[in-house]
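Colleague: I would like to go through this model with you. Could we start with the overall fold and then turn to individual residues?

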Amino acid sequence: MTSVYEEKSISKAIMRVGLPAMLGQLTTLIYNIADTFFVSMTKEPAMIAAVTLCAPILLIIMSIASIFGMGGSSVIARLLGEEKKKEAGRTMNFCVYAMVFSGVITLVLGLIFLQPLANMSGADADNMAYTCDYLKWIL
């Protein structure tokens, strides 16, 4: 099995590997823009503010996933380059299980500390209920 880095030039290989990561981030940004658009049709400023206040929390959750997704894939790529397929498989398994575990921990802690998390994001009395509701969906 040949590596994409062995077959192509470095710039083409980075585009082939990096493009899916960029598209994933772009999809999340479009998701947030679409949410803001459809919520703005309600003409309720508190709802629009809730979507905006939850955006940084969504980015933090994505960052946690990126630790294992992008960081793990870098380690796996190096191991495959050294032809250590068994270690690469174990690393991939660890990354998948660590992502699942961190997702469950993020969900549980997020639901337990929902109100303080909304306060920390800047929610006030006018939009606290909407922010907490939207946070539940994000979590």
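Modeller: Helices, of at least four residues, and strands, of at least two, are taken here as DSSP runs numbered from the N terminus. Please keep in mind that this is a predicted model.

Colleague: How many helices and strands does the protein chain have?

Modeller: The protein chain has six helices and zero strands. Its pattern along the sequence is α-α-α-α-α-α.

Colleague: What is the radius of gyration of the protein chain, against that of a compact globule?

Modeller: The radius of gyration of the protein chain is 19 Å, whereas a compact globule of 139 residues would be near 14 Å. Along the principal axes, the C-alpha atoms fill a box of roughly 55 × 30 × 15 Å.

Colleague: What percentage of the residues is buried?

Modeller: Of the 139 residues, 25% count as buried. The chain exposes about 9,600 Å², and 70% of that comes from carbon and sulfur atoms.

Colleague: And the contacts, what share is between residues 24 or more positions apart?

Modeller: Such pairs make up 56% of the contacts with a separation of 6 or more.

Colleague: Which residues have the most contacts inside the largest nonpolar core?

Modeller: Ala-118 and Leu-135 do, in a core of 15 residues. At least two residues of this core come from each of helix H3 (45-81), helix H5 (114-121) and helix H6 (128-138). In soluble globular proteins, nonpolar side chains tend to be buried together.

Colleague: Let us take Leu-135. Is Leu-135 buried or exposed?

Modeller: Leu-135 has a relative accessible area of 0%, so it is buried, the cut-off being under 20%. Leu-135 is placed in helix H6.

Colleague: Which residues does Leu-135 touch?

Modeller: Beyond residues up to four places away in sequence, Leu-135 touches Cys-54, Ile-57, Leu-114, Leu-117 and Ala-118.

Colleague: What about Val-51, buried or exposed?

Modeller: Val-51 is buried, because its relative accessible area of 2% is under 20%. Val-51 lies in helix H3. Leaving aside neighbours within four places in sequence, Val-51 is in contact with Asn-32, Asp-35, Thr-36, Val-39 and Tyr-134.

Colleague: Moving to Gln-25, where does Gln-25 lie, and in which helix?

Modeller: Gln-25 is in helix H2 (residues 10-40). At 39% relative accessible area, Gln-25 is partly exposed, because that value falls between the cut-offs of 20% and 50%. From Gln-25 to Glu-87 the C-alpha distance is 29 Å, and the two are 62 residues apart in sequence.

Colleague: A change of topic: what is phi of Lys-43?

Modeller: Lys-43 has a positive phi of about 60°, although Lys-43 is not a glycine. Most residues other than glycine have a negative phi. Lys-43 is in the loop between H2 and H3, and at 70% relative accessibility Lys-43 counts as exposed.

Colleague: And Glu-83, what is its phi?

Modeller: Phi of Glu-83 is also positive, near 60°. Glu-83 sits in the loop between H3 and helix H4 (85-112). With 69% relative accessibility, Glu-83 counts as exposed.

Colleague: Finally, how far apart are the mean positions of the positive and negative charges?

Modeller: The mean positions of the 10 positive and 10 negative charges are 12 Å apart.

Terms used: Residues numbered from 1 in each chain as written. Predicted model: local features only at pLDDT ≥ 70, side-chain atom pairs only at ≥ 80, totals over all residues. Heavy atoms only, no water. Rg over C-alpha atoms; globule rule 2.2 N^0.38 Å. Buried < 20%, exposed > 50% of the residue type's maximum accessible area, 1.4 Å probe, protein only. Contact = heavy atoms within 4.5 Å. Areas by Shrake-Rupley, 256 points an atom, 1.4 Å probe, with all protein chains shown as cover. Lys, Arg positive; Asp, Glu negative; His and termini not counted. Charge placed at Lys NZ, Arg CZ, Asp CG, Glu CD. Core = buried A, V, L, I, M, F, W, Y, C linked by side-chain atoms within 4.5 Å.
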